[in-house]
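User: Please take a close look at the aromatic pairs in this model. Then follow the helices and side chains around them in one connected account.

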Amino acid sequence: MWKLCRRRSREAESFKEQGNAYYAKKDYNEAYNYYTKAIDMCPNNASYYGNRAATLMMLGRFREALGDAQQSVRLDDSFVRGHLREGKCHLSLGNAMAACRSFQRALELDHKNAQAQQEFKNANAVLEYEKIAEVDFEKRDFRKVVFCMDRALEFAPACHRFKILKAECLAMLGRYPEAQFVASDILRMDSTNADALYVRGLCLYYEDCIEKAVQFFVQALRMAPDHEKACVACRNAKALKAKKEDGNKAFKEGNYKLAYELYTEALGIDPNNIKTNAKLYCNRGTVNSKLRKLEDAIEDCTNAVKLDDTYIKAYLRRAQCYMDTEQFEEAVRDYEKVYQTEKTKEHKQLLKNAQLELKKSKRKDYYKILGVDKNASEDEIKKAYRKRALMHHPDRHSGASAEVQKEEEKKFKEVGEAFTILSDPKKKTRYDSGQDLDEEGMNMGDFDANNIFKAFFGGPGGFSFEASGPGNFYFQFG
């Protein structure tokens, strides 16, 4: 029996030496195999478990390595390297408190051990990063949480908890590809990880892929029925989807008041869902434009582009509202933004139209001068001219101050100019289309307002106003 034990011990040492050789060559898989053979031959040797733990750590299999390291110190509590490896595994897996205990034990055995001293500092640094991240998450300072988790992961590269927290914060910051990469990496190693499934769903949810997001939330809840965040997110996602669809249905049916109410309710569900809320604001803006509440529509579209400054549809909707309210400079600005982003023929034409309207808005508004709508009929234009011409005729203001006479004469001329353009179908068409902009007022400097007045009223010669009562006048041609 004694000889058998000696022989097994020699064979175990041989396996260990071969394992050491492969370890030195960085062939960790072969090293693992030989250390395992050594353990099989001599299962009560602490150093064999310690060596295999070191190999598993190099292979990134920290949870298995932890088991071997713990077994090594159970067999020999004075095994300093065993305690160091146990602490290193705890730290790599994110259990900084347990790591501190292991490093403290190593320092009790060897208080001058430099590695133990440094690793103890590292473990305490991770504890500090955890505390800071917890406070900052509550403050919704997600950038700082990502920073803390990046620092912590330098010491704890295998900690899923830190990775998940980082991924969740990346999602909250709108950095969805990065968040998805982290979550997917965890799911490749553990397809049942409820936290990673939740983060995948969260990214899809914030990218407005709500139906797919719900599938991931449901899957996460199957793995962990008490997962509070997944439960809340799933409920919000379903509620958002339902409200948005109901709002869309009401809009298509022409029930704009109901659509407005539904979109408003949807906007109150989750203020963190930026992309979906941007679409909801734009949808509500469209409803407001249908209700002719154009300023409200502009405000909704502005809120949409504040949430998502790449949202072309919101810029287009707001630009149209600006056009409808004759805020042409703002419309041009929005159409320029759209055209810079998507250089299509349609967008180019919209920009060109807005620029034309802006130019037209800076010339005399003949419709405004006559006090008529742009769709006024020929009779309405004539009636308006009659009223305004009589109101501003110089003879009516002959007894006024020089300043008033000058102002009324200017208005009288403008009224005649406006009537000359708007009463002539060809000139009116050119004016309405903006074709007159390069024609220097369509040669209006040559006309005579008095001749237009006489031609309109049919008088052959002079003209005078006479009082027919308080505040009333009649005119006669001489």
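**Aromatic pairs and their surroundings**

Analyst: This is a predicted model. The structure holds twelve aromatic pairs. Take Phe 15 and Tyr 34 to begin. Their ring centres are 6.2 Å apart, and the planes make an angle of 40°, a tilted pair. Phe 15 belongs to helix H1 (residues 2-24) and Tyr 34 to helix H2 (residues 28-41), so this pair ties together parts that are 19 residues apart in sequence. Phe 15 counts as buried, at 18% relative accessibility. Tyr 34 is buried too, with a relative accessible area of 15%.

Another pair is stacked. The ring centres of Tyr 385 and Phe 419 are 4.3 Å apart and the planes meet at 15°, so the pair counts as stacked. Tyr 385 sits in helix H21 (residues 378-392) and Phe 419 in helix H22 (residues 402-422). The two residues are 34 apart, and the pair links distant parts of the chain. Both Tyr 385 and Phe 419 are buried.

Rings also gather into a group. Ring pairs join Tyr 176, Tyr 198, Tyr 205, Tyr 206 and Phe 217 into a cluster.

Two lysines lie over ring faces. Lys 37 is over the face of Tyr 34, 4.6 Å from the ring centre. Tyr 34 thus has a lysine over its face as well as its tilted partner, Phe 15. Lys 343 lies over the face of Tyr 339, at 5.5 Å from the ring centre.

Back to H22, the helix that carries Phe 419. H22 has 21 residues, which should span 30 Å at 1.5 Å a residue; the end C-alpha atoms are 30 Å apart, which agrees. Its buried residues include Glu 408, Phe 412 and Glu 414. Also buried in H22 are Val 415, Gly 416, Glu 417, Ala 418, Phe 419, Thr 420, Ile 421 and Leu 422.

Helix H9 (residues 160-172) has 13 residues. From its first C-alpha to its last it reaches 18 Å, close to the 18 Å expected at 1.5 Å a residue. Buried residues in H9 include Phe 162, Ile 164, Ala 167, Cys 169, Leu 170 and Ala 171. Lys 163, Lys 166 and Glu 168 are buried there as well. The buried residues of H9 pack against helix H7 (114-138), helix H8 (142-155), helix H10 (176-189), helix H11 (194-206) and helix H13 (228-252). Just after H9, Gly 174 takes a positive phi of about 80°.

Next, the cysteines. A disulfide is a covalent bond between the sulfur atoms of two cysteines. The count here comes to zero disulfides. Cys 231 shows why: its closest cysteine sulfur, in Cys 234, is 7.3 Å away, too far for a bond. Cys 231 counts as partly exposed at 37% relative accessibility, whereas Cys 234 counts as buried at 7%.

Lys 360 is in helix H19 (residues 345-361). At 13% relative accessibility, Lys 360 counts as buried. Its side chain makes a polar contact of 3.0 Å with the side chain of Glu 357. An α-helix has 3.6 residues a turn, so residues three or four places apart point the same way.

Glu 295 lies in helix H16 (residues 294-307). Glu 295 is partly exposed, with a relative accessible area of 49%. Neighbours within four places in sequence aside, Glu 295 is in contact with Thr 325 and Gln 327. The side chains of Glu 295 and Gln 327 are joined by a polar contact of 3.2 Å. Glu 295 and Gly 285 are ten residues apart along the chain, and their C-alpha atoms are separated by 9.3 Å.

Two loops remain. Most residues other than glycine have a negative phi. Arg 292 has a positive phi of about 65° although it is not a glycine. Arg 292 sits in the loop between helix H15 (274-290) and H16. It is exposed, with a relative accessible area of 53%. Glu 326 also has a positive phi, about 60°, and is not a glycine. Its place is the loop between helix H17 (312-324) and helix H18 (328-341).

How values were computed: Residues are numbered from 1 along each chain as its sequence is written. This is a predicted model: local features need pLDDT of at least 70, side-chain atom pairs count only at pLDDT 80 or more; totals for chains, interfaces and linings use all residues. Side-chain values use heavy atoms; hydrogens and water are left out. Rings of Phe, Tyr and Trp (its six-membered ring) pair if their centres lie within 6.5 Å; planes under 30 degrees apart count as stacked, over 60 as edge-to-face and the rest as tilted. Helices (H or I, at least four residues) and strands (E, at least two) are DSSP runs, numbered from the N terminus. Buried means under 20% relative accessible area, exposed over 50%, partly exposed in between (1.4 Å probe, protein chains only). A charge sits over a ring if NZ of Lys or CZ of Arg is within 6 Å of the ring centre and within 35 degrees of the ring normal. The expected span of a helix is 1.5 Å times one less than its number of residues. A disulfide is a pair of cysteine sulfur atoms within 2.5 Å. A polar contact is a pair of N or O atoms within 3.5 Å; within protein, one must be able to donate a hydrogen and the other to accept it, and residues adjacent in sequence count only if both atoms are side-chain atoms. Contact means heavy atoms within 4.5 Å.
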